[in-house]
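Subject: Structure handover

Hello,

Here is the structure I promised to pass on. Please open it beside this email and follow along.

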Amino acid sequence: MGSCGMWARQELLVLLSSVWLWVGSAQPTPPGPTHTSSPQLKFRLAGYPRKHNEGRVEVFYNDEWGTICDDDFTLANAQVLCRHLGFVAATGWAHSAKYGKGVGRIWLDNVNCAGGEKSIADCKHRGWGNSDCSHEEDAGVICKDERIPGFKDSNVIETEQSHVEEVRLRSVVTGSRRQLPVTEGIVEVRYKDGWAQICDEGWNSQNSRVICGMMGFPAEKKVNRNFYKRLKRTARMKGRSPKPGSRLASKSQPKQKRREDVGSKKRLFTERQQLNYRLHSVSCTGTEVHLSMCSFEFYRGNTSSACGAGMPAVVSCVPGPLFATGNGHKKKQRQQQQGQPRIRLKGGAKVGEGRVEVLKSSEWGTICDDRWNLLSASVVCRELGFGSAKEALTGARMGQGTGPIHINEVQCLGTEKSLWSCPFKNITQEDCKHTEDAAVRCNIPYMGYENLIRLAGGRTTFEGRVEVKRGSKWGTVCSDGWTTKEAMVACRQLGLGYSLHAVTETWYWDASNVTEMVMSGVKCAGHEMSLSHCQHHGTSLNCRNTGTRFAAGVICSETASDLLLHASLVQETAYIEDRPLHMLYCAAEENCLSSSARLANWPYGHRRLLRFSSQIHNNGRADFRPKAGRHSWVWHECHRHYHSMDIFTHYDILTPNGTKVAEGHKASFCLEDTECEEDVAKRYECANFGEQGITVGCWDLYRHDIDCQWIDITDVKPGNYILQVVINPNFEVAESDFTNNAMKCNCKYDGHRIWVHSCHIGDALSEEANKRFEQYPGQLNNQIS
């Protein structure tokens, strides 16, 4: 066994870093190499950890393997490459050597495909071997897990697969088999066309921790091995392989043994298949994010007598708060989570991903990405109740945060319970910018929600009528009350990112296979993982418009904008003006004054206005564009401009208990890039009926001295109030994060003057600081401490 283990380790070192997926072309080819006069192209996926349908792309050209640079890389490039690799399409791509750095030549750079090319060689590029990249820029692809019919891998080395890609937890207990998530079961690894087991000789809690992390769980717990020993006896019963599909009932056990296990109210249940051991001697440290990063050995040849003193490795995991099913789990986790958490994720499309923000000195801030890696990211993921990290993202890949950047150079070992236990450096102003905000993608448990929803009739895979599965029946969703929030949940459940549009009339999509309506009254908060988690009418359907034309639909997008207000500018520019009525006719036409203005003695008298400037930044990953196209913008003759959104912002004066005493609103008569960050070009300008929007990295400034940039406070009595500004209040345009759209300030009004202070984005402070803000007793003088 010693020489066998040495052979396995040597082969593993070579093949773990490069999975030999050699293919001739995207079309079905006969087995065996082909010979042509021109250089033969072969393609393979490499790197780890990864699944079999993703990885770093490597190209065999001129008798040498090399990589592709990620400069100008697009999904269209990935489509062509995935077809080369034998998959029907691409679902995504990766940059910055996500799957590890390759070696050798970088064969292609600045590749520009349209998507329909038969070969990557037909796409535009700089020429073979002409590149200015390093291997830190190696491109990867994520292909749809569906093979081109008839496709054969003509050059796959099939002697022995000496790598570990897919791992699963197979439940063998009745009752839990259909319940998701699966938290306990036999650990199995993908082997050829099936699954194989791992011998548990030497198996320890560190190994279990790694498996649980991969499965999306933050921790492991002890397993009753005696309960599972029957599995091995069953597989070897009477010296023959049991029949597939038969079950081992607890009746077949001695009565005394049965009573021991009945206490847990479980019955062992297994498909009686011959155990097929693949791995043994697994040894993890507990900090690995994938089993392939641990040390282990492979069984070779006939494994019928393998694992003589052991049994299949079994793992039991502790689910996080979002995925706990039993009351016992939830009660225990509530006790553990006393007080506000000091870490959170923001801006991610899916559960378990987002920009990492930490709470320090009662204020939320971000983490700089210097030295940010999978070990630190995994500590964050587990602390939040997820598994280990799939990705440690740098360069504000989940959008830029706001406020302070609290810490830098986090260097976790991977064993810490909290990020705050890891070594880190306090930030200085020169160290980092928000363009370097760190983010994570965590492993989360498989819940199967994506199997209960689908899109139909759309022109692309990212759009269509929403159809949901209720029981065994598929059907459409009523579009009454269907808004961006519901569409966001649908896109999340589909795994398609953010909602670009919530569609309430779907008559222009293909209706050849329309199903009947099965869900109505859907009302979501926006954070749910499935439409079934939202409020809805249940089986008592109630829909005003039941025709196919009014079925709910979505258009999803992998990226979204994220608007937020420059809070300190509001505080710095706020003042009171008494404006004569004869100068307010246009403002009255656009409903920018309080209702009592209609009773005033026009054109005599004045209105008292609280004026301030608004600077609205787009910190997301997509441009903010009005929902309505130019053809439906509304012309306002008095101000002589178009409104692309009727209400872009709400301005309110509230009492400390939340009662509204004055309000204003601002239509988006001109969404444009007033200024941009360095190296970001302006794209939107209102002049000459130009396109409106706010580019990523730019901001739109509404100056204090333009019409409607105010709140009419003529009827407001002296006192202490809260000034609140909300951007995109009706959620007309999708954003990656709506929780940062509100800004609040304390203000003191004495009937003549106003003091505005403590302005902050709505979710920027701790819960305790927010309570202090709301309970603010008011100004006793004009000194603001």
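Two strands count as paired if DSSP finds at least two bridges between them. Keep in mind that this is a predicted model.

Start with strand β18, residues 405–408. Strand β16 (residues 363–367) pairs with β18 in the parallel sense, over two bridges. Look for Thr-366, which stands opposite Ile-405 of β18. Strand β19 (residues 425–426) also pairs with β18, but here the sense is antiparallel. That pairing has two bridges as well. Asn-408 has Lys-425 in β19 as its bridge partner.

Next, the open sheet. Three strands form it, in the order β28-β29-β37, with antiparallel pairing. Which strands stand at the edges? They are β28 (575–580) and β37 (710–712). Each has a single partner strand, so one side of each has no neighbour in the sheet. From one strand to the next, the twist averages 35°. Strand β29 (residues 606–611) is joined to β37 by three bridges. Leu-609 is the one to find there: its bridge partner in β37 is Asp-712.

Now the cores. In soluble globular proteins, nonpolar side chains tend to be buried together. The largest nonpolar core in this model has 33 residues. Phe-648, Leu-723 and Met-743 touch the most other members. Several elements give two or more residues to this core: β27 (563–565), α9 (567–573), β33 (649–654), β38 (719–727), β39 (742–749) and β40 (754–761). A second, separate core has 26 residues, including Val-164, Leu-169, Tyr-191 and Phe-296.

Last stop: Asn-741. Where does this residue sit? Asn-741 lies in the loop between β38 and β39. Is Asn-741 buried or exposed? Its relative accessible area is 4%. Buried means under 20%, so Asn-741 is buried. Its side chain makes a polar contact of 2.8 Å with the side chain of Glu-735. Setting aside neighbours within four places in sequence, Asn-741 is in contact with Leu-563, Val-725, Val-726, Ile-727, Asn-728 and Glu-735.

Over to you.

Best wishes

Definitions and conventions
Residues numbered from 1 in each chain as written. Predicted model: local features only at pLDDT ≥ 70, side-chain atom pairs only at ≥ 80, totals over all residues. Heavy atoms only, no water. Helix = DSSP H or I, 4+ residues; strand = E, 2+ residues; numbered from the N terminus. Axes fitted to C-alpha atoms, helices over the stretch in contact; angles between N-to-C directions. Core = buried A, V, L, I, M, F, W, Y, C linked by side-chain atoms within 4.5 Å. Buried < 20%, exposed > 50% of the residue type's maximum accessible area, 1.4 Å probe, protein only. Polar contact = N/O pair within 3.5 Å; in protein donor to acceptor, adjacent residues only side chain to side chain. Contact = heavy atoms within 4.5 Å.
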